[in-house]
Amino acid sequence: MPKNSKVPKRELDDEVIESVKDLLSNEDSSDDPFKKSELMVDDQEEKDVDVEEGSDVEDERPAWNSKLQYILAQVGFSVGLGNVWRFPYLCQKNGGGAYLVPYLILLLVIGIPLFFLELAVGQRIRRGSIGVWNYISPKLGGIGFASCVVCFFVALYYNVIIGWSLFYFSQSFQHPLPWDQCPLVKNTSHTFVEPECEKSSATTYYWYREALNISSSLSESGGLNWKMTICLLAAWVMICLAMIKGIQSSGKIMYFSSLFPYVVLLCFLIRGLLLNGSVDGIRHMFTPKLEIMLEPKVWREAATQVFFALGLGFGGVIAFSSYNKRDNNCHFDAVLVSFINFFTSVLATLVVFAVLGFKANIINEKCVIQNSEKILKLLKMGNLSQDMIPHHINFSSITAEDYNLVYDIIQKVKEEEFDSLGLKSCQIEDELNKAVQGTGLAFIAFTEAMTHFPASPFWSVMFFLMLVNLGLGSMFGTIEGIITPIVDTFKVRKEILTVVSCLVAFFIGLIFVQRSGNYFVTMFDDYSATLPLLIVVILENIAVTRIYGINKFMEDLKDMLGFSPSQYYYYMWKYVSPLVLLCLLVASVVQMGLSPPGYNAWIEDTAMEEFHTYPTWGMIVCISLMVLAILPVPIVFMVRRCNLIDDSSGSLASVSYKRGRIIKEPVNLEGDNTSLIHGKSPSEVTSPNFGKNIYRKQTGSPTLDTAPNGRYGIGYLMADMPDMPESDL
């Protein structure tokens with residue numbers, strides 16, 4: 001990137017003005033709009049004004065109102081539902097506290113470096129994902145389009161989850177909560193408990209039957225669930241209103257949507273620690289199982305969680321960063337947001353297992369009471385001898401410790417016939433070992449625990465309002481990853497594009513609010529993002545380190561930050577991160593191949609989940625999701641490689657100044673030294689869109705940095721000077 005140097009005057013023919021001063025003094029008197037402007041030659045780092053060719057109206061790029069607003073936006077995007085219902089499950093499943101070790105290592109190896117990379121390229125080029133990768137290499141412009149497609153797929157089903165949370169939120173304003181007890185069914189002769197609920201539980205029944213009214217298979221659509229359709233519409237209306245003005249509208253909402261979840265989590269943590277059994281849950285959570293940490297599966301799942309927790313590859317990180325000042329310390333932002341994300345996951349894990357410990361304690365108490373009654377019956381029937389029961393045991397007020405003592409004695413004495421007695425061990429650890437994640441945690445396990453809270457409706461309202469805000473924060477970044485690059489590339493009105501995108505997404509999203517919609521959510525969650533995003537981020541890494549050049553990128557960072565980043569990032573970006581990502585991609589493909597493609601269907605008769613494989617058309621949909629998401633990459637590459645689209649209108653232009661007018665002339669970039677102005681070799685000058693803009697400053701306008709592809713605009717080079725030697729630059 002060029003430093004603070006000026007273009008020297010040169011002896012040129014009469015048609016070329018020698019200096020900016022002469023240029024402005026020799027304008028035509030009829031050219032009033034141009035008289036009011038001056039060519040920008042100073043290094044103004046805070047400006048971003050794009051003036052289209054032939055336009056007298058400035059199109060100022062929006063900017064964040066404050067650094068806090070930007071940080072909250074990035075935190076809101078990266079901290080999502082996965083921090084609450086995915087991370088605790090992985091922590092429990094993969095060694096408890098020991099899982100934090102591989103997670104932190106991979107956060108340092110791929111998380112922070114790749115997050116820093118996306119922040120830096122967005123801030124450096126000041127465009128969305130399409131413009132950024134088009135700028136680095138037009139042949140890799142498909143990376144940005146692939147990110148947009150993945151964002152669209154994810155937004156389709158992610159907003160459905162927000163709709164589910166809105167439904168539960170609306171149902172929480174009543175006491176007792178509607179999922180507190182099983183409903184009663186009346187017929188002509190008597191009243192009885194709903195069989196499906198009796199076989200499962202009140203919260204499970206409410207989720208599958210009352211909320212989703214779920215069908216028994218993917219092929220059985222069952223028509224629309226109107227309650228969820230209305231909630232989905234409400235969710236998309238909220239997104240549309242929040243995003244319609246871009247960051248100017250969504251940025252203000254970030255103060256609430258990003259901070260409110262922390263208030264709720266802290267309230268839940270304080271309340272949870274006061275509950276009986278919460279310490280058991282937390283102790284179980286963080287008891288390290290070091291032997292599990294050596295398994296490759298643990299590292300694969302930790303890497304996947306790091307990857308998706310930070311929102312890498314979606315384009316939202318790049319879009320948010322593109323509205324920053326160029327001298328913003330994006331390295332500090334990357335480290336800060338990454339560790340906020342990590343500590344949020346740990347906080348959410350504490351909350352989840354404090355509450356689940358309380359729930360396990362209640363279930364364990366019920367288990368002790370029920371099995372104590374069985375022992376009393378066995379004693380009365382003579383199947384058990386009173387002599388084997390210790391004298392201090394009182395079955396009317398027996399504790400869990402006393403019950404386990406009696407259980408162990410009976411198991412030793414009646415070793416051969418013990419199984420026929422039907423007694424259970426009633427261990428809290430057994431209940432805590434039942435791994436729950438996703439909707440099963442949020443809408444079943446957690447809701448069941450909250451029914452035992454004092455003032456349970458209040459806590460239910462707080463919890464589901466928190467889920468709504470977590471979802472909204474992630475959706476803002478996801479939608480921004482779609483809107484920003486399209487607006488930057490095709491210059492459409494943001495308001496119209498936002499409304500149209502939300503309408504289209506709502507109508508497509510109706511497939512998720514059928515009675516079989518939950519199965520489609522599972523399908524999209526499993527297949528629409530994982531592999532495409534891994535491929536996208538690998539290509540991003542290659543584009544920056546190999547195509548653009550890691551050394552030039554490090555120079556750009558030094559110029560932006562005011563200091564040289566650590567060489568740690570140099571080696572991470574060039575060697576370690578691509579290798580780790582490639583291993584993760586291979587492991588994900590192998591895992592996908594070994595796992596039978598299918599879903600868990602809810603069977604009404606048995607009130608249990610049953611694994612079903614996808615039908616043939618379902619497999620076609622799964623494969624199509626992955627192919628469609630990554631298809632823009634080879635398509636754009638072939639189009640650029642074979643010159644199927646005329647780039648003449650979009651190539652970088654030289655500018656000749658004749659009688660005070662700016663005349664844009666396309667130039668052949670091969671061997672042209674114009675590329676040197678941007679700190680790039682001729683073969684690497686790219687984005688055709690940037691060449692259409694002339695950067696200038698209106699009199700009286702604020703000082704902003706305007707060139708998206710460097711500190712200097714393209715108007716510095718005069719036409720008819722293709723042979724300017726490099727030394728003169």
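**View 1. Lys374, Lys377, Lys380 and Lys424 form a positive surface patch.** The model is predicted: local features need pLDDT of at least 70, side-chain atom pairs count only at pLDDT 80 or more, and totals for chains, interfaces and linings use all residues. Residues are numbered from 1 along each chain as its sequence is written, and side-chain values use heavy atoms, without hydrogens or water. Patch residues have over 30% relative accessible area and no salt bridge; like charges are joined within 9 Å, nonpolar side chains (Val, Leu, Ile, Met, Phe, Trp, Tyr) within 5 Å. Lys and Arg count as positive, Asp and Glu as negative; His and the chain ends are not counted. A charge is placed at NZ of Lys, CZ of Arg, CG of Asp or CD of Glu. Lys374 belongs to helix α17 (residues 330-381). Helices are DSSP runs (H or I, at least four residues), numbered from the N terminus. Lys374 counts as partly exposed because its relative accessibility is 35%; buried means under 20%, exposed over 50%, partly exposed in between (1.4 Å probe, protein chains only).

**View 2. A nonpolar surface patch comprises Ile623, Val627, Leu628, Leu631 and Ile635.** Together they have about 410 Å² of accessible area, by the Shrake-Rupley method with a 1.4 Å probe. Helix α27 (residues 616-630) gives the largest share, three residues. Val627 sits in helix α27. Val627 is partly exposed, at 40% relative accessible area.

**View 3. UniProt lists a "binding site" in an unreviewed entry: Gly76, Val79, Asn83, Asn341, Leu470 and Ser474.** The positions spread over 399 residues of sequence but cluster in space, with a largest C-alpha distance of 12.5 Å. Such annotations may be inferred rather than shown by experiment. Asn83 lies in helix α4 (residues 81-85). Asn83 is buried, with 2% relative accessible area.

**View 4. Lys67 and Asp333 form a salt bridge, their closest N and O atoms 3.1 Å apart.** The pair links helix α3 (residues 67-78), holding Lys67, to helix α17, holding Asp333, 266 residues apart. A salt bridge puts a side-chain nitrogen of Lys or Arg within 4 Å of a carboxyl oxygen of Asp or Glu. The count by this rule is eight. Lys67 is partly exposed at 34%; Asp333 is buried at 1%.

**View 5. Asp556 and Arg124 meet in a salt bridge (3.3 Å, N to O).** Asp556 is in helix α25 (residues 530-561) and Arg124 in helix α6 (residues 100-125), so the pair ties together parts 432 residues apart in sequence. Both Asp556 and Arg124 are buried.

Notes. Helix = DSSP H or I, 4+ residues; strand = E, 2+ residues; numbered from the N terminus.
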